[in-house]
Amino acid sequence: MSPAPPQPILRPHPRPCISSFSSPRRTRPSPRARPCRLAAAREMPWPHVLTVAGSDSGAGAGIQADLKACAALGAYCSTVITAVTAQNTAGVHGVHLVPEEFIREQLNSVLSDMSVDVVKTGMLPSAGIIQILCESLRKFPVKALVVDPVMVSTSGDSLSDPSTLTNYRDELFAMADIVTPNVKEASKLLGGVSLHTVSDMRDAAASIYKFGPRYVLVKGGDMPDLSEAIDVFYDGKEFVELRGHRIKTRNTHGTGCTLASSIAAELAKGSTMLHAVQVAKNYVESALHHSKDLIIGNGPQGPFEAQVSSIQYWLTAKLQSR
């Protein structure tokens, strides 16, 4: 009888050290497995927001705020840049408009190739840019359009030509699913009417609704006489007052951009409009709270710390689910 073969020596492998931003080494899939994986990815497309807005070199508002908010809430964000600004926490020092035909080229490049769910607008500095955007959206329809009528920066600098008012009211609002003006922008859209109370905000929402959007959100964060941060949501039939804590901080730069982008991200994920607005408002309040003492420059900065925390949490959850 031949002797039994020797038993293999089993040596335990040390457990790999895995941080929240690393994953264990995985074997490379075979070429045959890749098409199946790619096909599955195509069947479950990532929520996609396209932001059409200006660039803020200080990164507190504009395109930069949109990118951070969408990433934190789990949506892909592509961009069409309408203007490049030289600004920091002290204010806007210069604005360079992107040529209108190049904006058209950017829109065509993204919308003709990528599956965009929601378009969110920010700084649209000229009437021609608004017209080009409307033409592009008629050519390449999307599921929803979120319009943040950015006209004046937090520091008081004008960001759009006065002629854009007519194009907002007569063209873009009629295509919008939701319009999100703050009280200053709502006043400007309505010819300078004064807004001091929640009742005034309700009247403004009803008036803006007549321009054609499906929903209106008038934001009351800039109203100093209110003890709470109250926004008024209107769907053409009912008003909903969304109340939140008023965070004492100077870091409010870019909150309007962040809110509108957060609404767009939630809509891209399939939320109803009111739910998207509620999630966005809670997110901005949390971001303001976590960054209330943040100091980056000599003036107000945008809500930042909670966005980074949200991104870290989301990435960790994605890695753990693999």
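Among contacts in the protein chain between residues at least 6 apart in sequence, what share joins residues at least 24 apart? The share is 70%, where a contact means heavy atoms within 4.5 Å.

This is a predicted model, in which local features need pLDDT of at least 70 and side-chain atom pairs count only at pLDDT 80 or more, while totals for chains, interfaces and linings use all residues. Residues are numbered from 1 along each chain as its sequence is written, and side-chain values use heavy atoms, with hydrogens and water left out.

**View 1. The whole chain, to get your bearings.** The protein chain has ten helices and nine strands; helices (H or I, at least four residues) and strands (E, at least two) are DSSP runs, numbered from the N terminus. Of the 322 residues in the protein chain, 45% are buried. Here buried means under 20% relative accessible area, exposed means over 50%, and partly exposed lies in between (1.4 Å probe, protein chains only). The accessible surface of the protein chain comes to about 17200 Å², and carbon and sulfur atoms account for 55% of that. These areas come from the Shrake-Rupley method with a 1.4 Å probe, and for residues only the protein chains shown count as cover.

**View 2. The open sheet and its edge at S3.** Follow the nine strands of this open sheet in the order S3-S2-S1-S4-S5-S6-S7-S8-S9, with mixed pairing. Strand S3 (91–97) and strand S9 (239–244) are the edge strands, each pairing on one side only; two strands pair if DSSP finds at least two bridges between them. Strand S2 (residues 76–88) meets S3 in the antiparallel sense over six bridges.

View 3. Helix H3 (residues 100–113) lies across S1 and S2, running at about 155 degrees to S2. For these angles, axes are lines fitted to C-alpha atoms, for helices over the stretch in contact, and angles run from 0 to 180 degrees between N-to-C directions. The buried residues of H2 are Gly62, Ile63, Ala65, Asp66, Ala69, Cys70 and Ala72. Just after H2, look for Gly74, which takes a positive phi of about 85 degrees.

View 4. Six of the six residues of S4 are buried, so S4 is largely enclosed by the rest of the structure. S4 pairs with S1 in the parallel sense over four bridges, and Thr51 stands opposite Lys120 in S4. S4 also pairs with S5 in the parallel sense, over five bridges, with Thr121 opposite Val147 in S5. S5 is mostly covered too, with seven of its seven residues buried. Both faces of S5 are covered: Ala144, Val146, Asp148 and Val150 are buried on one side, and Leu145, Val147 and Pro149 on the other.

**View 5. Helix H5 and its buried side.** At 1.5 Å a residue, the twelve residues of helix H5 (residues 164–175) should span 16 Å, and the end C-alpha atoms are 15 Å apart, which agrees. The expected span is 1.5 Å times one less than the number of residues in the helix. In H5, Thr164, Leu165, Asn167, Tyr168, Leu172 and Phe173 are buried. They cover an arc of only 145 degrees around the axis, so they sit on the same side of H5; the arc is that of the directions from the helix axis to the C-beta atoms. The buried residues of H5 pack against S4, helix H4 (127–139), strand S5 (144–150), strand S6 (178–179), helix H6 (183–189) and helix H7 (198–209).

View 6. Val98 sits in the loop between S3 and H3 and counts as buried because its relative accessibility is 12%. Not counting residues up to four places away in sequence, Val98 touches Ile81, Thr82, Ala83, Ile103 and Gln106. Val98 and Val84 are 14 residues apart in sequence and 7.2 Å apart in space, C-alpha to C-alpha. Ser57 lies in the loop between S1 and H2. Ser57 and Val84 are 27 residues apart in sequence, yet 7.8 Å apart in space, C-alpha to C-alpha.
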